[in-house]
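Take a look at the structure below. The report that follows goes through its contacts, helices and charged pairs.

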Amino acid sequence: MTHTSVSPNGVDALLLDYNGVLGLQPSPGMWTRLAEWPDRYLPSFQEAFWAPRNAYDAGELSDLVYWAKVLGHHPGARWLRTLRAADTAMWTRTDPRVLDILYGARAAGLPLVLLSNAPAHLSDVLDATDWRRDLMSDALYSSRLGRCKPDSAVYEHALAATGVADPGRVLFVDDREDNCRAAAELGLRALHYAGQPADLEHQLLPALANSTRA
């Protein structure tokens, strides 16, 4: 379905990254606890954690294979469940300030689509949250698409999910500059989000004002 314009500022839909925009970054304590299980020095653990993460997010690695690469050996079934649960908990805290803005945007009639690099288990957890059901008309995850941002095909899928034909009327919000650059190359409006909700609110101010008046 193609949506008609509802916003006087030319933003007819939002494509939203999860982690670093809606989702808060893990606390230092979370990282430390995760690294303590294999008893690894935190910087070296984080390096091992991130090295295979893109393949894990793209659905190319199972939970077992991913954690075996991180740890350097296969964890047992119980340890694997513990690691997966701790990893998932690191990425499921949300920023209430951003959620408030998005609820206003949704009330104004803007379609919101989540576009996240996330492994399969985390994707399922996010889909089960109240805010996901309340706010998002759709959610696209790298593990289900089989590829990660900034792959251009990911943005093409997401643009289709918004129902807006003109990419110049879709605002893409992400905390990574390379993801924003790839979106802009396809004609999307891009906001490189740096943790300041006011920046997002400014982009949506006309639509939010209309919603308040209504």
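## Around T88

Leaving aside neighbours within four places in sequence, T88 is in contact with H121, L122 and V125. Contact means heavy atoms within 4.5 Å. T88 is found in helix α5. T88 is buried, at a relative accessible area of 9%. Buried means under 20% relative accessible area, exposed means over 50%, and partly exposed lies in between (1.4 Å probe, protein chains only).

This is a predicted model: local features need pLDDT of at least 70, side-chain atom pairs count only at pLDDT 80 or more, and totals for chains, interfaces and linings use all residues. Residues are numbered from 1 along each chain as its sequence is written, and side-chain values use heavy atoms, with hydrogens and water left out.

## Helix α7

Which residues of helix α7 (residues 120-127) are buried? They are L122, S123 and L126. These residues cover an arc of only 105° around the axis, which puts them on the same side of α7. The arc is that of the directions from the helix axis to the C-beta atoms. The cover over the buried residues of α7 includes α5, α8 (130-135), β3 (138-141) and α9 (142-145). Helices (H or I, at least four residues) and strands (E, at least two) are DSSP runs, numbered from the N terminus.

## Where α4 meets α5

The axes of helix α4 (residues 63-71) and helix α5 (residues 77-90) come within 11 Å and cross at roughly 90°. That makes α4 roughly perpendicular to α5. Axes are lines fitted to C-alpha atoms, for helices over the stretch in contact, and angles run from 0 to 180 degrees between N-to-C directions. Angles under 35 degrees count as roughly parallel, over 145 as roughly antiparallel, 65 to 115 as roughly perpendicular and the rest as oblique.

On the α4 side, D63, L64, W67 and L71 make the contact. On the α5 side, W79, L80, L83, R84 and D87 do.

## P38

P38 sits in the loop between α1 (28-36) and α2 (42-50). At 19% relative accessibility, P38 counts as buried. Beyond its neighbours within four places in sequence, P38 is in contact with F45, L71 and W79. P38 and P75 are 37 residues apart in sequence, and 9.9 Å apart in space, C-alpha to C-alpha.

## Salt bridges

Side chains of opposite charge can pair when their charged atoms come close. How many salt bridges does a search of the whole structure find? The search finds 13. A salt bridge is a side-chain nitrogen of Lys or Arg within 4 Å of a carboxyl oxygen of Asp or Glu.

D57 and R53 form one of these bridges (3.5 Å, N to O). Both lie in helix α3 (residues 53-57), four residues apart, about one turn of the helix. Both D57 and R53 are buried. D95 and R97 also meet in a salt bridge (2.8 Å, N to O). D95 is buried, with a relative accessible area of 6%. R97 is partly exposed, at 46%.

## K149 and its surroundings

K149 and D174 meet in a salt bridge (2.8 Å, N to O). The pair links distant parts of the chain, 25 residues apart. K149 is in the loop between α9 and α10 (152-162), and D174 is in strand β4 (residues 170-174). Both K149 and D174 are buried. Elsewhere, salt bridges that share partners join D124, D127, R132 and R144 into one network.

A cis peptide bond joins K149 and P150, with omega about 10°. P150 is found in the loop between α9 and α10.
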